[in-house]
Amino acid sequence: MIVQFIVMTGFYFFTKYELTENIRQNTIDSMQTIVTERSTIIENYIQERETYLTAYSRADDTVNL
């Protein structure tokens, strides 16, 4: 009975550690993916605005003003 208790306790802690580690790694991977996607969206937005503002500053009406 004592051996069975020790084995089950060891199994519990091993399973708990593995599960916790897997959840932690999956969460980190998901957050890195989200950060990469958001940074790409922001970079694209900034590039579009820079193009728009450059074109606006070079427009004939703006230059004449």
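Author: We can start with I2, which counts as exposed at 65% relative accessibility. Note that the model is predicted.

Reader: Why is I2 called exposed?

Author: Exposed means over 50% relative accessible area. I2 has 65%, so the word applies. I2 is placed in helix 1, which covers residues 2-58.

Reader: What makes I2, F5 and I6 a nonpolar patch?

Author: Members of a patch have over 30% relative accessible area and no salt bridge, and nonpolar side chains are joined within 5 Å. I2, F5 and I6 form such a patch on the surface, and together they have about 380 Å² of accessible area.

Reader: What makes E21 and R24 a salt bridge?

Author: The rule asks for a side-chain nitrogen of Lys or Arg within 4 Å of a carboxyl oxygen of Asp or Glu. The closest N and O atoms of E21 and R24 are 3.7 Å apart, and the two form a salt bridge. By this rule the count comes to one salt bridge. Side chains of opposite charge can pair when their charged atoms come close.

Reader: Why are E21 and R24 separated by about one helical turn?

Author: Because they are three residues apart in helix 1.

Reader: How many aromatic pairs does the structure hold?

Author: The structure holds one aromatic pair. Y12 and F13 form it, edge-to-face, with 5.1 Å centre to centre and 70 degrees between the planes.

Reader: Why is the pair of Y12 and F13 called edge-to-face?

Author: Rings pair if their centres lie within 6.5 Å, and planes over 60 degrees apart count as edge-to-face. The pair of Y12 and F13 has 5.1 Å and 70 degrees, and is edge-to-face. Y12 counts as partly exposed, at 48% relative accessibility.

Reader: How do you know that the charged end of R49 sits over the ring of Y52?

Author: For Arg, CZ must be within 6 Å of the ring centre and within 35 degrees of the ring normal. The charged end of R49 is 5.5 Å from the centre of the Y52 ring, and it sits over that ring.

Reader: What makes L65 exposed?

Author: The limit is over 50%, and L65 has a relative accessible area of 88%, so it is exposed. L65 lies in the segment after helix 2 (60-64). The C-alpha atoms of L65 and I28 are separated by 52 Å, the two being 37 residues apart along the chain.

Reader: How does the radius of gyration of the protein stand against that of a compact globule?

Author: A compact globule of 65 residues would have a radius of gyration near 11 Å, but the protein has 28 Å. The C-alpha trace spans about 95 × 10 × 5 Å along its principal axes. The protein has two helices and zero strands.

Reader: What share of the residues counts as buried?

Author: Buried means under 20% relative accessible area, and 0% of the 65 residues count as buried.

Notes
Residues numbered from 1 in each chain as written. Predicted model: local features only at pLDDT ≥ 70, side-chain atom pairs only at ≥ 80, totals over all residues. Heavy atoms only, no water. Patch = residues over 30% accessible without salt bridge, like charges linked within 9 Å, V, L, I, M, F, W, Y side chains within 5 Å. Areas by Shrake-Rupley, 256 points an atom, 1.4 Å probe, with all protein chains shown as cover. Helix = DSSP H or I, 4+ residues; strand = E, 2+ residues; numbered from the N terminus. Buried < 20%, exposed > 50% of the residue type's maximum accessible area, 1.4 Å probe, protein only. Phe/Tyr/Trp six-rings, centres within 6.5 Å; stacked < 30°, edge-to-face > 60°. Rg over C-alpha atoms; globule rule 2.2 N^0.38 Å.
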